[in-house]
Structures are given as structure tokens and as C-alpha cells.
Amino acid sequence: MNGNSSSPTAEEQRALDAVDIDGVLADLAELVAIPSVGGTEAEQQAQHWCADKLASLGYQVDHWRYEVPDLAAHPDFPGQEVERDTGYGCVGVSSTAGTPALVFYGHTDVVPPGDLELWPNRDPYALRVVDGVAHGRGTCDMKGGVAAIFGALRALRTAGIELRKPLGVHAVSGEEDGGCGTFATLQRGHRAEACVLAEPSSGSVVVANGGSLTFRLEVPGRPTHGATRSRGVNAVEKLAGLLPVLRDLEARRNADPDPLLAHLEVAYPLSIGVVRAGDWASTVPDLAVAEGRYGVRLGESLEDAKAEFENAVAEACAGDPWLAENPVRVSWPGGQFASGRLPENHPLLPELQEAVAATGAEPPKPLGGPYGTDLRLYAAAGVPALQYGPGEIEYAHSHQEHVAVAELERVAKAYVLLAIRRCGLA
């Protein structure tokens, strides 16, 4: 580690002391109160909130509307799984004098809350702070990270810190189902020398992500009355016969994972999340549809990943008399999450670790994540990126979603130091 791992300077300590955790929680409460589920009008409301907040902090803001069909016409469009025709981008920079030395990234969309009866207070959009823990939809994934970003910006402003190189913020929507917001931001030409995604990182720093694809299997059957089932072909039973094939495929693909993902029980998971079949209880179903998630290996192209999956299904069909004549149809709806990683030996990693250490916390260990994020879009655009943010990923998307208040404060302080050290003092 270089000299920046030493104790904070007087200017840095002044900025650290200016981190206001009550202000962070107030921002988080406002963000959580916006039910910004992907595809809803509130998704755009959260983006407007970020634009207003950046402007209030003195940042120069580019807040624009984009048309999703125009983006979807691009061959590299990452896909989406909800219906939206428009979106809003939001970028703030401390100065337009050159490319930002650092950008903090946060997405403002959230997944649906599910059964409200399973939430502790039956209101996922009301922030609850109990025993040092903040609960609510988005607190972990990833409005807690967004609030920590704004907490860091506010601390820099309160402490009177002027940066030599520009500092930026990219607030995006549409991350949960593909990444159209980040794609739109990069298509607009916004770049940075480095990017920190404030995604929950469970106390580590995520320097690589496996990718993921959404697959759909359409398994044909032959309908008949349930009383004469032997004269038909049950599509559900044929789907069940494919499950061991998919589990074997997953095992083969996980036999030798990248070292960054070797700590995971399953580095590249394959799972079925939706099954639909039949329309009458006493009819043998003529179609079973299964949709699921398929992990993409680090460094593997989406085309190669799809080909291996399709070949495994085709081989299974060839060994079944019915499916050999009536093969399963495979398609790839929804988001297209390629893998991505921070370039080896890039200085952003030790800089982040040193900033965390200077706050008095243990330097985070670099690991890989089994889930897709917008890191891969920045990597593809030539912007070195990693993930470091508050929250435990296991609580994202759950009815127990929460983030520790102490972690929000610690991360905000690390962002303060990283911004000062990467951008420099004016």
C-alpha cells in the first residue's frame, strides 16, 4: 500500500467529521418512501429526486429523458424484463473541467415488495430504524448506497473541500432487469477514470461479477382427458425429465470456477423460478413453460453460454422419443447480464482498501459475485469499476431487507476519503 493508507490529514479529518448520519438516514427515508419498482412511474420519480439533490449540493446536473425503443435498437442493448417506454438519466459532476477522476454509481429502482403481510410493519416503503438497523424496501439494494453517496458529497461540501479533478455521480434506473439506465448514461457519452458502484458488498469489495441470462423452456405435450392420460403426453412430466439434465449442466459449469468465485457454494447458479402448465385439472397439459436464471462464467461470452445450454437441452431431447420429434423450444427473454471485472492490478482496488482502512475499519477483501450488475457495462465501456457499498446481499429482495446504520456511516466516510485522494485537493 502507498502513503495514502496513513492516518487522515487535517483536511480529510475535517471532511470525515462532517459526515452526518442523521442526514444520511433522512435521505434514505425519503428514497425508501418512493415506491420505485421497475416499470412504474415512481421509478422516474426517484431519478428526479436524485437530480434535485445533486443540484442542491452545487453539482452540475445532466437530467434527460430517453426513449427505451431507441436504445433497444442498439445491438448491445442489455435487455429488460418489465415494460417501460421512457426513462430518465441523471448525472452530476462537481466540475465540467475534464473527465471525472471518480464516479459514484447508484441505481434507484427496486424489486416489488411481494406479500405485504410478510413485512414487519406491513409497509415496505416506510423506513424503520430499530436497534441501529434501518429496514425497508431498497435499504440494502441499493438506496442505502445512494444515501451514503449523498452523505459523502454533503460532508465534502460542509467541510469546504474543493477537489482538483471532477467528482461525479451516476444515478440510474432499470438496473434490476437489465441495466437500461446505465446503458443510456454511457450512450450519452458520460465516462470516468474509475467508478465505484455502491451496491451491497457484504463487507468485501467486489471486483468481478459472473453474468446471468434469463431462459425460457417451452416443453410440448399431447393433450387428452385425464382419465385416459396414457394416450397423451404430459408436458409437465417431460419438463421434470429435463431437471436432472439442467442440474448436471450446472455441475459441469461449476467444476473449476475462477478463484475470485471459488469461495461460493455455487459460482454460476442455474435455477428455475417460474413454471406454468395446463388450463384444466382433468386435462393432460399440452405445454409446460419454465423460466429461470442461468449463470454466465467470468470471461465467457453470452453466445457461448447460450450455446452450451441449448446443446444440453437438444441432447436431452434427442434421447427422448417424444421430444426428439417435438423438441423443447429455448429462448432468452429479459436482461442480458454479461460477466465483468476490474482490470488486474488497477490502482482503484488498493485506493479503496486504503480509504476504508483509514476510517479505522478492516480493509475489505477482493472477491467475485455470482450475480450480474452494471459493473459489466462500465467494464465494456472501458471504465474500470468495482463494487463497495453498505448491506448484505442475502437480504436484498427479501422481506427482511435492511442495512446497519453503522455500515452506512462507515461507507460514507470511505467514499469521502476515496474522493479526496483520487480527485486531489484544489
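This is a predicted model: local features need pLDDT of at least 70, side-chain atom pairs count only at pLDDT 80 or more; totals for chains, interfaces and linings use all residues.
1. Next, the overall layout. The protein chain is split into domain 1 (10-209 + 339-423) and domain 2 (212-336). Contact between them takes 20 residues from domain 1 and 18 residues from domain 2. Their C-alpha centres, those of domain 1 and domain 2, lie 34 Å apart.

2. There is also a record to set beside that. UniProt, in an unreviewed entry, puts the feature "domain: Peptidase M20 dimerisation" at residues 208-318. Taking residues 208-318 in the model, the chain is 32% helix and 27% strand, with the end C-alpha atoms 37 Å apart.

3. Strand 11 (residues 287-296) deserves a look. Eight of the 10 residues in strand 11 are buried, so the strand is mostly covered. Strand 11 has strand 9 (residues 211-220) as an antiparallel partner, joined to it by 10 bridges. If you want a landmark for that pairing, P220 stands opposite L287 in strand 11. Strand 10 (residues 270-277) also runs antiparallel to strand 11, with seven bridges joining the two. Here the landmark is V275, which stands opposite A290 in strand 11.

4. Stay there for the connection. T283 sits in the loop between strand 10 and strand 11. Its relative accessible area is 31%, so T283 counts as partly exposed. Leaving aside residues up to four places away in sequence, T283 touches P223, T224 and G226. For a sense of distance, T283 and V356 are 73 residues apart in sequence, and their C-alpha atoms are 61 Å apart in space.

5. Now T185, in helix 6 (residues 180-187). Is T185 buried or exposed? T185 is buried, with a relative accessible area of 0%. What does its side chain find there? A polar atom of the T185 side chain lies 2.9 Å from the backbone oxygen of G181. Apart from residues up to four places away in sequence, T185 touches W64, V91, H170, V172 and H190.

6. D177 is found in the loop between strand 6 (167-172) and helix 6. Although in a loop, D177 counts as buried, at 5% relative accessibility. Which backbone atom does the side chain of D177 reach? The side chain of D177 reaches the backbone nitrogen of E81, at 2.8 Å. Not counting residues up to four places away in sequence, D177 touches G79, Q80, E81, V82, R84, G335 and F337.

7. Some backbone geometry to check by eye. Most residues other than glycine have a negative phi, and most peptide bonds are trans. Against that background, the peptide bond joining D141 and M142 is cis, with omega about -15 degrees. M142 lies in the loop between strand 5 (133-135) and helix 5.

8. Two positive phi values are worth a glance as well. R122 is not a glycine, yet its phi is positive, at about 60 degrees. R122 is found in the loop between strand 3 (102-107) and strand 4 (128-130). D131, also a residue other than glycine, has a positive phi near 50 degrees. D131 is found in the loop between strand 4 and strand 5, and is exposed, with a relative accessible area of 76%.

Key:
Residues are numbered from 1 along each chain as its sequence is written. Side-chain values use heavy atoms; hydrogens and water are left out. Buried means under 20% relative accessible area, exposed over 50%, partly exposed in between (1.4 Å probe, protein chains only). Helices (H or I, at least four residues) and strands (E, at least two) are DSSP runs, numbered from the N terminus. Two strands pair if DSSP finds at least two bridges between them. A polar contact is a pair of N or O atoms within 3.5 Å; within protein, one must be able to donate a hydrogen and the other to accept it, and residues adjacent in sequence count only if both atoms are side-chain atoms. Contact means heavy atoms within 4.5 Å. UniProt positions are given in the numbering used here, feature names are shortened, and annotations may be inferred rather than shown by experiment. Domain bounds come from an automatic or database domain assignment.
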